[in-house]
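Me: I'd like to learn how to read a model like this one, feature by feature. Could you give me the general idea each time, and then the case at hand?

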Amino acid sequence: MTAKRRKKNTSVRRGRKKSFRTRLWNRIQRLFLFWGILIPGFVFVVYIGYLDYSVRHLFEGKRWSIPAHVYASPTELYVGAPLKADAFEDLLQQLRYRKDRRLSTEATYFRNLNRFKVSTRPFRFWDEEQPSRGIEMDFVGGEVKSLKDIDSGKSIAILRMDPVQIDSFYPSHNEDRILARLQEAPPMLIEALLATEDRNFYQHYGVSPKAILRAVIANLRAGGVVQGGSTITQQLVKNLYLNPSRSLWRKANEAMMAVILEFHYDKDEILEAYVNEVFLGQEGRRAIHGFGLASQFYFDRSLGDLELHHIALLAGLVKGASYYNPRRSPERATRRRNLVIDLMKELGHVTPEQATRAKKMPLEVSSRGRHTTTRFPAFMDVVRHQLRVEYREEDLTSEGLQILTTLELPVQKALETNAEKTLKALEKRPKVERLQVATVVTRREGGEIAALLGGRDARFNGLNRATDIQRMIGSLVKPAVYLTALDDPERYSVVTRIDDVAVELESGGKTWAPRNFDRKEHGPVELHRALAMSYNLSAVHVGLDVGIGRVVKTLRNLGIERKIRKYPSILLGAIELSPLEVTQMYQTLAADGFRTPLRSIRAVLANDGTPLRRYPLTVRQAVDPATVFLINTLLQEVMREGSGRSVYSLLSANYAVAGKTGTTNNLRDSWAAGFSGDYLAVVWLGRDDNRSIRLTGSSGALKLWSALMREVSRQPLDLVPPDSIEWVWIDSESGLRANEACSNAVEYPFISGYAPAAVSPCMKSPLEDFGSWYEELFRFGGED
Amino acid sequence: MDRFYKLVLFTGLIGLVGCAGFSVDSYPSLPAKHEAPSAQSYPGKQPSVEQRMPASTEPLAVIALMDASEIKRRSGHFESAVSSLERAIKIQPRNAGLWQRIAELRLEQYKPRLALDLARKSNTLASGNRALKSRNWKLIAEAQRLLGKPEAALKAEEEAARLVRE
């Protein structure tokens, strides 16, 4: 019984034991399944999902990341255009046209004395596509004398040169590229690329075990990494990730992502992305990506114009753009180029003759790179400001927008050169030092900003004094005071006599006693003279008479948007404005009382040339053109006989420019604002610490204004009197109506019907006049 | 002897003046401006560009741009047409005819406020060109009507008619 029980017990224990083992085994199996396969599998799947997302996100989001490119105003060519032959060649060089007697590609030219033959570069402007054209032109006496089409021999009425690219809005990593479609790339470039980087590109699935094996063997033999086994797809992944580490984990990741990329996209899409993504050079902070930009960067040619020896050089750069830099290491680059040519010959892409010829060619790399930094930071600041109203930062840095601006390079160059020269000359005077400058130049009509200087160092990308500083404007306000007065023709005309006598005003418990610059009182003085001589007391009397509120309203009409407090001191310019704001004010005067918002951008195009937005010419009549005509004739007098008369030591007298100078208390600010027939310029000189610069508007800012206008202005100022203006002779002694027979008579403009009615004693009746003439005749005879 | 010659000269001059129908009522024609050196014309007064250069002497480039603008207008590309005229204005900024054309285009685009100001600008530059001014006033009249100002439109039309009449 016991034995049986024992037996039974044993069998139970055995059964228990068996079931325990089974359970344990099962548990181990389950644990293995869970921790060894399911969890890693799950993690792997999640990770692949993450990689898949990353690859697609990167590929679709980033492959077309192109900075916005910013262009200057294009040069218009037509018979009679004011352009010198040397200036034209300078333009061609800025546009990176190559000298080529045969004009074998677009963007080439040939000069023989004053005759040019040019093959232009095509450009999509806002309003039309301009194709490449062969043109022939002659220059005589600073003008375009003839302009012909080379093929047809016919005259061309007008032609726009492609605009000079002045800047780009780079993303944070400073990548720059010109997008190239795969179809546009020369087939030879693709062949060269595949020959050197990935021969089995069209066969593999993202990774090439054969290539890896080949690389491993080569590396083992060499005892280090000498060859990579990466396919083009893997390289693209690496470039997209922008991670230079060479760890095994990253290599594995790259391989997986390459396979995923191949799964989602076809070969041509991948190749096109690679052609645009690959890093091919560095210039300062700017990274040159893609073959489209590289061909411009190294050869000043578009991709379609490259020849075998250019192509081989670019394909060779993929291996190491810095190491094989053709500008820095031409011999090394030549060896690499020739190696690529040999490879292409081996694979039968080029004939031995082609290869031999190409290897004999020089590198033909253009001598200098493009400018590394922003060349016109102050102007670009205004452009950016205008763009930010409508575009997000990422649109500007990734969408490849083309921004056509109003900057006129010759005017900007003249401004920078003259500013430096004038400031240096001024600082030779005793105690004149640390001068700073800001200048805005616009087209007289249309309000386009032609040039802008934000400080003495034109390349310094910091404080923009043209837009960001506000300083007292001094006498620059006076035209607004007199404009307000002349707008009331019943009370004021240009010959109205004003009492230039001392005045004291109580304001907020303080006494304000303005004085003239010469500390004298000038008694009764005609309005035109008061403005020409910039008498402070006259301006205060007139301003108080018409009302400060009305003067402020005039300033607002002229385009000042800033809030102005209605203190009497504003009549002498105690208003802080930026040079750009002053420009807006004078722009309205220059444009006959029509206000046009200042513009730095003409149009924005999408990367493919589709017009997105245009900033057209708009005008709004803000002040009566007849009153503005009166003021402008007075501003001509200022420059002819008043505080601005020194301009004619540089300008020809027929320029009849209109303008005003301004000086603030203690000679802190020196201003000059004025216009000729084609340009308006506002110049400010001062110091950053707001100390005295010991210069008046005339002895400081006006010097730069005159030098600049002499260089850029081509059209004298020609004021057109509106219908409501009549010219009347006035006896300057009595201020009464006279005729041209009167000695001291001057003809002045008036609003029709408001000239003085009373006749000056100098006007005698015709009979009296005849009698006196008769007497004179005999008196003369008697003396003989 | 000299005195005798002067008397003869004087008598001769009297005769000439008499033949010319000299009347004591007329505005003195003598002495001429150059005989009164102290008198001066305010230098702001000068013949305008338009007076010196009639509209027909526009440079070929401007004519070509005007033609291009017209072609674009006919094909309905108004902004592009305006753009061509803006190029022309950069060459001849004070050409009243160009400003008028832009005004016309803006009116066609149903932008009466802008058209009105552009036509006014054209008027400011159109010194002496009555036909051009009359067209501008007609344009202003139409713009005023579109802006819901029939009275101002009527006045503008009267001004246009007056310019043609006189």
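Reply: Let's begin with helices and their lengths. Helices (H or I, at least four residues) and strands (E, at least two) are DSSP runs, numbered from the N terminus. The expected span of a helix is 1.5 Å times one less than its number of residues. Before the case itself, note that this is a predicted model, where local features need pLDDT of at least 70, side-chain atom pairs count only at pLDDT 80 or more, and totals for chains, interfaces and linings use all residues. Residues are numbered from 1 along each chain as its sequence is written, chains are lettered from A and ligands numbered from 1 in the order in which they are written, and side-chain values use heavy atoms, with hydrogens and water left out.

Me: What span should the twelve residues of helix H19 of chain A have, and how far apart are its end C-alpha atoms?
Reply: At 1.5 Å a residue, H19(A) (residues 579-590) should span 16 Å, and its end C-alpha atoms are 16 Å apart, which agrees.

Me: Is H19(A) mostly covered or mostly open?
Reply: Here you need the cut-offs: buried means under 20% relative accessible area, exposed over 50%, and partly exposed in between (1.4 Å probe, protein chains only). H19(A) is mostly covered, with eleven of its twelve residues buried. Among them are Pro579(A), Val582(A), Met585(A), Tyr586(A) and Ala590(A).

Me: On to sheets. What is the strand order in the open sheet of five strands?
Reply: Strands of a sheet pair through backbone hydrogen bonds, either parallel or antiparallel. The rule used here is that two strands pair if DSSP finds at least two bridges between them. The order is E3-E4-E5-E8-E9 (chain A), with mixed pairing. Strand E3 (98-99) and E9 of chain A stand at the edges with a single partner strand each, so one side of each is left without a neighbour in the sheet.

Me: How many bridges join E8 to E9 of chain A?
Reply: Six bridges join E8(A) (residues 134-140) to E9(A) (residues 143-149), and the two run antiparallel. They form a hairpin with two residues between them, and Gly141(A) in the turn has a positive phi of about 55 degrees. Val140(A) stands opposite Glu143(A) in E9(A). Elsewhere in the sheet, strand E4 (residues 108-112) of chain A pairs with E5(A) in the antiparallel sense over five bridges, and Thr108(A) stands opposite Ser119(A) in E5(A).

Me: How many aromatic pairs does the structure hold over all chains?
Reply: Rings of Phe, Tyr and Trp (its six-membered ring) pair if their centres lie within 6.5 Å; planes under 30 degrees apart count as stacked, over 60 as edge-to-face and the rest as tilted. There are twelve such pairs over all chains. Take Phe88(A) and Phe116(A): their ring centres are 5.0 Å apart and their planes at 85 degrees, so the pair is edge-to-face. This pair links distant parts of the chain, with Phe88(A) in helix H2 (residues 85-94) of chain A and Phe116(A) in strand E5 (residues 115-119) of chain A, 28 residues apart. Both residues, Phe88(A) and Phe116(A), are buried. The rings of Phe116(A) and Phe139(A) are edge-to-face too, because their centres are 5.5 Å apart and their planes at 75 degrees. Ring pairs link Phe88(A), Tyr109(A), Phe116(A) and Phe139(A) into a cluster.

Me: Which residues does Val712(A) contact beyond its neighbours within four places in sequence?
Reply: Contact means heavy atoms within 4.5 Å. With those neighbours set aside, Val712(A) is in contact with Val411(A), Ala414(A), Asp678(A) and Tyr679(A). Val712(A) belongs to helix H21 (residues 701-712) of chain A, and is buried at a relative accessible area of 11%.
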